[in-house]
Amino acid sequence: MATVPELNCEMTLFDSDENDLFFEVDGPPKMKGCFQASDPGCPDESIQLQISQQHLNKSFRQAVSLIVAVEKLCQLPVSSPWTLQDGDLRTFFSFIFEEEPILCDSWDDDDDLLLCDVPIRQLHCKLRDEQQKCLILSDPCELKALHLNGQNINQQVVFSMSFVHGETSNNKIPVALGLKGKNLYLSCVMKDGTPTLQLESVDPKQYPKRKMEKRFVFNKIEIKTKVEFESAQFPNWYISTSQAEHKPVFLGSNSGQDIIDFTMESVSS
């Protein structure tokens with residue numbers, strides 16, 4: 001390991017052209033402090049530190065030379081009334097190091113650049129509408145609502161609710177709703193000019209993720225003991241059930257005839 005040589009007469013003036021940017025023998029009296037070496041072999045020699053306000057292009061070697069020199073100066077008896085303090089080192093930093101802006105305009109284009117190390121929070125739950133109808137997987141890609149009892153209660157689907165990136169407010173929390181144990185997520189798309197709810201098959205290696213596509217995102221709205229799920233893709237359209245039994249779950253516009261209020265029951269993973 002390289003060692004820092006002891007201060008001596010030959011090093012006092014720092015003959016290097018680079019170091020001359022920091023140390024000069026002569027300089028304005030108000031801009032320098034004189035430090036007398038305690039070595040009796042150099043009774044007439046002193047080190048004068050000059051602070052320049054000129055913005056220069058410094059190298060890392062120059063910065064190291066300055067810090068090493070200041071550390072040694074702090075250990076010498078000072079004949080000048082000015083005493084160098086640790087806080088004085090901060091004065092030099094603005095002349096040594098240059099700030100550069102960090103451009104972050106492209107961060108929005110990367111799904112997980114900002115939150116790639118943050119685990120996605122998930123909650124496993126069951127949903128029932130306000131008439132206590134349960135949600136079941138009827139066809140491979142269709143949910144229906146009906147009353148269950150006894151052994152049939154096991155048909156009720158369990159959702160994996162992921163808390164995802166989106167527009168968050170005091171009463172709206174962006175979530176994605178997947179079916180536990182299946183590569184299916186509820187999504188909202190336009191079909192025949194009407195916002196439509198569907199179950200979409202996804203790649204389990206890619207989903208869930210922090211920044212889901214907007215068609216997968218729902219704004220979870222809690223109203224007392226009830227919860228509603230508004231489509232982020234189609235505002236004012238909600239996950240809905242029919243008043244009738246054994247009808248598909250759909251995306252409704254809250255017309256008053258459809259059911260948009262649900263109770264949510266958390267289940268262990």
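Start by selecting Ser162, which sits in strand 6, spanning residues 159–163. Strands here are DSSP runs of E with at least two residues, helices are runs of H or I with at least four, and both are numbered from the N terminus. This is a predicted model, in which local features need pLDDT of at least 70 and side-chain atom pairs count only at pLDDT 80 or more, while totals for chains, interfaces and linings use all residues. Residues are numbered from 1 along each chain as its sequence is written, and side-chain values use heavy atoms, leaving out hydrogens and water.

Is Ser162 buried or exposed? Ser162 counts as buried because its relative accessibility is 0%; buried means under 20% relative accessible area, exposed over 50% and partly exposed in between, with a 1.4 Å probe and protein chains only.

Next, show what surrounds Ser162. Beyond its neighbours within four places in sequence, Ser162 is in contact (heavy atoms within 4.5 Å) with Ile120, Arg121, Gln122, Pro174, Val175, Ala176, Tyr185 and Pro208.

A search of the whole structure for disulfides (pairs of cysteine sulfur atoms within 2.5 Å) finds zero.

Finally, zoom out to the whole chain. Its secondary structure comes to three helices and 15 strands. Of the 269 residues in the chain, 36% are buried. Among contacts in the chain with a separation of 6 or more, 54% join residues 24 or more positions apart.
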